[in-house]
Amino acid sequence: DKKREIFKVLFLDKANRILAEDDLFEGTVDEAAIHPREVVKSALEHHATAIVLVHNHPSGRVEPSREDREITTKLQAACSAVSIKVIDHIIVGDNQYFSFRERNLIS
């Protein structure tokens, strides 16, 4: 029900328990600028070994855009460099969701 894109990160411990969650970026009605460096910094500050990425699409359409796919790849690479696993990237909108993991877009 948000009118702007919100990019949230769930920070997990080694047993995949949630340590913390943060709204890291807020965008416009159709995009949010995501900075991998800030995601990695926050994960390290929370002593996370894994993260789950979550953002909304105010339009209600949950299919990932080309930009969503690209930032997921960039975030996986940045996190991998410091031994943090990206468990999933979930897009929510209009009471539905899209999971990159369920669609085999994250391994």
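Reader: Which element gives the most to the lining of the second largest pocket?

Author: It is β3 that gives the most to the lining of the second largest pocket, with three residues. This is a predicted model, and the volume of the second largest pocket in it is about 300 Å³.

Reader: How do the residues of the lining of the second largest pocket divide into nonpolar, polar and charged?

Author: The lining of the second largest pocket has six charged residues, six polar ones and four nonpolar ones.

Reader: How much space lies in the largest pocket, and which residues are the closest to its centre?

Author: The space in the largest pocket comes to about 430 Å³. It is lined by 20 residues, of which Glu-31, Ala-32, Ser-65, Glu-67 and Asp-68 are the closest to the centre. Helix α2, residues 66–80, contributes the most to this lining, namely five residues. Divided by class, the lining of the largest pocket consists of nine charged, seven nonpolar and four polar residues.

Reader: What is the order of the elements of the protein chain from the N terminus on?

Author: The protein chain has five strands and two helices, and from the N terminus on they follow one another as β-β-α-β-α-β-β.

Reader: How do you know that the radius of gyration of the protein chain agrees with that of a compact globule?

Author: For 107 residues, the rule for a compact globule gives a radius of gyration near 13 Å, and the protein chain has 13 Å, so the two agree. Taken along the principal axes, the box filled by the C-alpha atoms is roughly 35 × 25 × 25 Å. Of the 107 residues, 42% are buried, and among contacts between residues at least 6 apart in sequence, 60% join residues at least 24 apart.

Reader: Why is the aromatic pair of Phe-7 and Phe-25 called tilted?

Author: The structure holds two aromatic pairs, and in the one formed by Phe-7 and Phe-25 the ring centres are 6.0 Å apart, with 55 degrees between the planes. Because centres within 6.5 Å make a pair, while planes under 30 degrees apart count as stacked and those over 60 as edge-to-face, this pair falls to the remaining class, tilted. The pair links distant parts of the chain, with Phe-7 in strand β1 (residues 6–12) and Phe-25 in strand β2 (residues 18–26), 18 residues apart.

Reader: Why does Phe-7 count as buried, and what makes Phe-25 buried?

Author: The relative accessibility of Phe-7 is 2% and that of Phe-25 is 11%; buried means under 20%, and therefore both residues qualify.

Reader: What makes the pair of Phe-98 and Phe-100 edge-to-face?

Author: The ring centres of Phe-98 and Phe-100 are 5.5 Å apart and the planes stand at 85 degrees, so the pair is edge-to-face, given that the class begins over 60 degrees. Phe-98 and Phe-100 are both buried.

Reader: How do you know that Glu-26 counts as exposed, and which residues does Glu-26 touch?

Author: Glu-26, which is found in strand β2, has a relative accessibility of 58%, and because exposed means over 50%, Glu-26 counts as exposed. Leaving aside residues up to four places away in sequence, Glu-26 touches Arg-4, Glu-5, Ile-6 and Ala-32. Arg-4 is 22 residues away along the chain, and its C-alpha atom is separated from that of Glu-26 by 6.9 Å.

Reader: Why is Asp-30 called exposed, and why does Ser-83 count as exposed?

Author: Asp-30, in the loop between β2 and α1 (36–45), has a relative accessible area of 57%, while Ser-83, in the loop between α2 and β4, reaches 64%; exposed means over 50%, and so both residues are exposed. From C-alpha to C-alpha, Asp-30 is 7.1 Å from Pro-58, at 28 residues apart in sequence. Ser-83 is 8.4 Å from Ala-50, again C-alpha to C-alpha, at 33 residues apart in sequence.

Notes: Residues numbered from 1 in each chain as written. Predicted model: local features only at pLDDT ≥ 70, side-chain atom pairs only at ≥ 80, totals over all residues. Heavy atoms only, no water. Helix = DSSP H or I, 4+ residues; strand = E, 2+ residues; numbered from the N terminus. Buried < 20%, exposed > 50% of the residue type's maximum accessible area, 1.4 Å probe, protein only. 1 Å grid on protein atoms, 1.4 Å probe; cavity = no way out; pocket = protein on both sides within 12 Å on 5 of 7 lines; lining within 4 Å. Points joined across faces, edges and corners; volume = space filled by probe spheres on them. Nonpolar A, V, L, I, M, F, W, Y, C, P; charged D, E, K, R; others polar. Rg over C-alpha atoms; globule rule 2.2 N^0.38 Å. Contact = heavy atoms within 4.5 Å.
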